[in-house]
Amino acid sequence: MRKLFSFLCFIFLTMSCGQHTGSDNTSGTNDEIAVTGIQTTVTDSMPAEESDEPIKRFTIFKKSGKKLYIERDSSWSTHCYTIKNGVKRKMIFNHEYLDDGGCDFSYYSYGKYLFLVGDFKPNSNGWTCRFPLYRINTDDFTMKYVYAGAAIRFTPKEIVIAGARLTNEDAECTADQVWVMHDVHFDVNGNKIREDKKEYDFEEMERRYGKEFVNSIGFDE
């Protein structure tokens, strides 16, 4: 029975994170990143359908006829779009909640690279991977998945993300699970620099990253 409960908890966590990974490179770029040991590059978009619904738009990049922006409709479904050469396209993240519109977006930029943060506001232990991070090259709108963590802090010289580790994999339910965090460091190009060995609890994560857990610029800022 204990093994069955542990298996169900693992399945639930996987569904909460919602990140689908694969080996296909759809971007035409050689960028590679690590997601739980899998090498993958996420870059995709699709033609956008126009809607008559009332929308709220938040532009996060605009230059030389190119635009990157977020739209939220009357049902609070939120998606990210680009316009290049007069063509509007919807960005595809290969993430269940981000692609279905059930998330918020915020961003932080370093030169030509814009880092888009998703927030799908999960239930249960989905908070451990609440913030999937993507790097977008504003020259051509190619996109690379970077990491998903429990919190993100952008600084002038690096990006720090709280990675989570389950200490008791034999817990019978999510309420009994004990998680600890550690800092994972990336440079301003989205490349991993190092991973700290020192771990800390949820209260310490709040102290390090703040109550909002991320310091990017959001839709309603």
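## The cysteines

Let's start with the sulfurs in this predicted model. The cysteine sulfur closest to that of Cys-103 sits in Cys-80, and the gap is 9.3 Å, so that's too far for a bond. A disulfide, after all, is a covalent bond between the sulfur atoms of two cysteines. To count here, a pair of sulfurs has to lie within 2.5 Å, and the tally for disulfides ends up at zero.

## The chain as a whole

Zooming out, the protein chain contains three helices along with 16 strands. Of its 221 residues, 48% are buried. The chain exposes about 11,900 Å², and 50% of that comes from carbon and sulfur atoms.

How do the contacts span the sequence? Take the ones between residues at least 6 apart: 48% of them link residues at least 24 apart.

## A five-stranded sheet

Now for one of the sheets to trace by eye. Five strands form an open sheet, paired antiparallel and ordered S11-S10-S9-S8-S16. At its edges you'll find strand S11 (143-149) and strand S16 (217-218), each pairing on one side only.

Follow strand S10 (residues 131-137) and you'll see that it runs antiparallel to S11, with six bridges joining the two. Tyr-134, for instance, has Tyr-145 in S11 as its bridge partner.

Key: Residues are numbered from 1 along each chain as its sequence is written. This is a predicted model: local features need pLDDT of at least 70, side-chain atom pairs count only at pLDDT 80 or more; totals for chains, interfaces and linings use all residues. Side-chain values use heavy atoms; hydrogens and water are left out. Helices (H or I, at least four residues) and strands (E, at least two) are DSSP runs, numbered from the N terminus. Buried means under 20% relative accessible area, exposed over 50%, partly exposed in between (1.4 Å probe, protein chains only). Contact means heavy atoms within 4.5 Å. Accessible areas come from the Shrake-Rupley method with a 1.4 Å probe; for residues, only the protein chains shown count as cover. Two strands pair if DSSP finds at least two bridges between them.
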